[in-house]
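This briefing describes one protein model for a reader who has its sequence and coordinates to hand.

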Amino acid sequence: MGRKRKRMQERDPEVVAAATQVELDKATGMPQTKGTRQSLLGPYASLVSIDNPNPTTRSSRFPNSPASPAEMDWSIHYPKYFSPRGASDNLDAGPSNSAHVSKKVEFADVGCGFGGLLMALAPLFPETLMLGLEIRVSVTQFVADKIAALRVQHQQLADGIIPEISVPEGGETYLAEKEAAPGGYQNVSVIRANAMKFLPNFFEKGQLSKIFFLFPDPHFKARKHKARIISQTLLAEYAYVLRPGGIVYTITDVEDLHLWMVQHLEAFPLFERIADEELEKDVVVEHVRTATEEGKKVERKRGEKYLACYRRLDGPTRPKVVEA
């Protein structure tokens, strides 16, 4: 088989989809992180353009991005809070998508990875909708499968079908006296999206109260700095979707990237840095430091973590919606 024909066959959507199935742990029913990166794709691991696309390129890899926030069907992600589009409104079905103004996503984890932060925050804020945005296919699928498994297990626990739940990565065991986690992870979801291009397509002006950038790709080479998740142009979009008083959380183990993010955030007039004394009282900060896989990896290597959080000031913003 010629090289050109082989490349075309490998790029077939069905072939790629079959190669990115996440395996579940037989004992716990939870998806496994082992093999999710390279070995999960097997012979297709070299398809960097599919599983780890360049976020700065404009392409058709995200055809499902809504043209505007109003066109987003949140019932797929939060069935407890939204009924499917077109479904008739009734009390048993819960609030309809047309009435979603009363319930909106408030936390956004940009580049959520394996969803560690989302899983940690979901029980702490059971009535707050939070969304992870991840650009990689296989990692997004892993987080989606993990959320689905947690929802099923918590429902079974509530119904008395199972006596307890074991969460493998943390080792916690939840007894059946009460619901394992408040909200049963119905308030958390993930979507494959390029946040550098389409963030205002998902969120309205001032919709978010917290946005997270945890251990982002440092893009060390100078010619790659344009791909960094924090820049003057992107900060305008983050300021647009973040409400006044909302918080931007950044953390990295790369000092050069930390200084870059601080420099750009300090220079942007709609953000002010939050003092360390105030951050000590924020229950979210500890999870920002420790909940993600990257954060745990840094701890194992006894590396340094550089945290910087900024509050959104009140002021004008200009929307920027990109056509999908």
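Helix H7 (residues 232-241) lies across S6, S7, S8 and strand S9 (306-312), running at about 130° to S7; contact here means heavy atoms within 4.5 Å, and axes are lines fitted to C-alpha atoms, for helices over the stretch in contact, with angles from 0 to 180 degrees between N-to-C directions. Helices (H or I, at least four residues) and strands (E, at least two) are DSSP runs, numbered from the N terminus.

The model is a predicted one, in which local features need pLDDT of at least 70 and side-chain atom pairs count only at pLDDT 80 or more, while totals for chains, interfaces and linings use all residues. Residues are numbered from 1 along each chain as its sequence is written, and side-chain values use heavy atoms, with hydrogens and water left out.

**The chain as a whole**

- The protein chain contains 11 helices and 9 strands, and of its 324 residues 47% count as buried, a term that means under 20% relative accessible area, with exposed over 50% and partly exposed in between (1.4 Å probe, protein chains only).
- Among the contacts in the protein chain with a separation of 6 or more, 74% come from residues 24 or more positions apart.

- Seven strands make an open sheet with mixed pairing in the order S5-S2-S1-S6-S7-S9-S8, where two strands pair if DSSP finds at least two bridges between them.
- Strand S5 (188-192) and strand S8 (271-273) stand at the edges with a single partner strand each, so one side of each has no neighbour in the sheet.
- From one strand to the next, the twist averages 20°.
- Strand S6 (residues 208-214) and strand S7 (residues 242-252) run parallel and are joined by 6 bridges, and Ile-211 has Val-248 in S7 as its bridge partner.
- S7 and S9 run antiparallel and are likewise joined by 6 bridges, whereas 3 bridges join S8 to S9, which also run antiparallel; Arg-273 stands opposite Tyr-310 in S9.

**Arg-311 in strand S9**

- Strand S9 is mostly covered, with 5 of its 7 residues buried, and Arg-311 has its place in this strand.
- Arg-311 is the bridge partner of Ile-247, and the two residues, although 64 apart in sequence, have a C-alpha to C-alpha distance of 4.6 Å.
- Not counting residues up to four places away in sequence, Arg-311 touches Gly-245, Gly-246, Leu-270, Phe-271, Glu-272, Ile-274 and Glu-278.
- With Glu-278, Arg-311 also forms a side-chain polar contact of 2.2 Å, a polar contact being a pair of N or O atoms within 3.5 Å, of which, within protein, one must be able to donate a hydrogen and the other to accept it, and residues adjacent in sequence count only if both atoms are side-chain atoms.

- Helix H7 is mostly covered, with 7 of its 10 residues buried, namely Leu-234, Leu-235, Glu-237, Tyr-238, Ala-239, Tyr-240 and Val-241.
- These buried residues of H7 pack against helix H6 (195-202), S6, S7, H8, S8 and S9.
- His-264 is located in helix H8 (residues 255-267) and counts as buried because its relative accessibility is 13%.
- Beyond residues up to four places away in sequence, His-264 touches Ile-230, Ser-231, Gln-232 and Leu-235.

**Aromatic pairs**

- The count comes to 9 aromatic pairs, where rings of Phe, Tyr and Trp (its six-membered ring) pair if their centres lie within 6.5 Å, and planes under 30 degrees apart count as stacked, over 60 as edge-to-face and the rest as tilted.
- The rings of Trp-74 and Tyr-78 have centres 6.1 Å apart and planes at 40°, so this pair is tilted; Trp-74 counts as buried at 5% relative accessibility, as does Tyr-78 at 0%.
- The rings of Phe-107 and Phe-212 have centres 6.2 Å apart and planes at 75°, so this pair is edge-to-face.
- Phe-107 lies in strand S1 (residues 105-110) and Phe-212 in strand S6, so the pair ties together parts 105 residues apart in sequence.
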